[in-house]
Amino acid sequence: MSSDVVIRFLVPSDPRYLSVLRAAVEELASVYGLPEQECRAMTLAVDEAMANVIRHAYRGDPGHSIEVVCEGSADRLNFTLLDQGEAPDLERLQPHPLNDWALSGRGTHLIRSAMDEVSYERVPRGNQLRLSKRLPADARAGKGRGK
């Protein structure tokens with residue numbers, strides 16, 4: 001793709017709206033040329049991150065919002081989630097080995113395995129989670145579905 005793209009969403013903290021964001025993320029990944037399997041994995045990662053914000057930062061209260069910024073450039077896709085909920089327990093955000101008995105932490109593991117970079121920071125406007133995926137060389141050449 002020749003130019004950078006920025007798409008902003010203000011999504012209610014209601015799980016019913018996750019399907020709308022999933023569709024947008026998957027389509028954006030496809031336009032940028034990611035293979036179908038990677039599109040699905042990245043979509044699942046962003047969906048899981050959103051669900052975690054709803055479940056943990058907002059404790060399931062649908063009366064809040066989450067700002068989602070999707071940025072596409074020549075070599076990567078970035079997704080930034082910003083919420084004003086409770087700050088997460090940083091220990092829970094760290095990668096942990098999965099085992100047959102661990103019920104928690106699977107979502108964080110899934111997010112980290114699908115994305116190339118994952119970072120969290122507390123910013124003046126709230127909690128900011130940034131997910132980044134490098135684009136393969138053929139995607140960078142503009143071979144996405146949108147071409």
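## Helix α1

Helix α1 has 14 residues, and from its first C-alpha to its last it reaches 20 Å, close to the 20 Å expected at 1.5 Å a residue. The model described here is predicted. Just after α1, G33 takes a positive phi of about 85 degrees.

Which residues of α1 are buried? They are L18, L21, V25, L28, A29 and S30. The cover over these buried residues includes β1 (5-12), α2, β2 and β3. E27 is also found in α1. The C-alpha atom of E27 is separated by 9.2 Å from that of T43, although the two residues are 16 apart along the chain.

## Helix α2

α2 has 22 residues. Its reach from first C-alpha to last is 31 Å, close to the 32 Å expected at 1.5 Å a residue. Just after α2, R59 takes a positive phi of about 50 degrees.

## The chain as a whole

The chain contains five helices and five strands. Read from the N terminus, its elements follow the order β-α-α-β-β-α-α-β-β-α.

How much of the chain counts as buried? Of its 147 residues, 39% do. The accessible surface comes to about 8400 Å², and carbon and sulfur atoms account for 51% of it. Among contacts between residues at least 6 apart in sequence, 68% join residues at least 24 apart.

## The largest nonpolar core

In soluble globular proteins, nonpolar side chains tend to be buried together. The largest nonpolar core in this model has 31 residues. Which of them touch the most other members? They are M50, I66, V68, L77, F79, L81 and L131. Elements that give two or more residues to this core are α1 (18-31), α2 (36-57), β2 (65-72), β3 (76-83), α4 (106-114) and β5 (126-134). The largest share, ten residues, comes from α2.

Leaving aside residues up to four places away in sequence, I66 touches F9, L10, V11, S13, M50, V53, I54, Y58, L81 and L82.

## Strands β4 and β5

Strand β4 (residues 117-123) and strand β5 run antiparallel, and seven bridges join them. A hairpin of two residues connects β4 to β5. V118 has L131 of β5 as its bridge partner.

## Cysteines

Is C39 buried or exposed? C39 is buried, because its relative accessible area of 4% is under the 20% limit. C70 is buried as well, with a relative accessible area of 1%.

A disulfide is a covalent bond between the sulfur atoms of two cysteines. How many disulfides does the model have? When sulfur atoms within 2.5 Å are taken as the rule, the count is zero.

Note on methods: Residues numbered from 1 in each chain as written. Predicted model: local features only at pLDDT ≥ 70, side-chain atom pairs only at ≥ 80, totals over all residues. Heavy atoms only, no water. Core = buried A, V, L, I, M, F, W, Y, C linked by side-chain atoms within 4.5 Å. Buried < 20%, exposed > 50% of the residue type's maximum accessible area, 1.4 Å probe, protein only. Helix = DSSP H or I, 4+ residues; strand = E, 2+ residues; numbered from the N terminus. Contact = heavy atoms within 4.5 Å. Expected span 1.5 Å × (residues − 1). Pairing = 2+ DSSP bridges. Areas by Shrake-Rupley, 256 points an atom, 1.4 Å probe, with all protein chains shown as cover.
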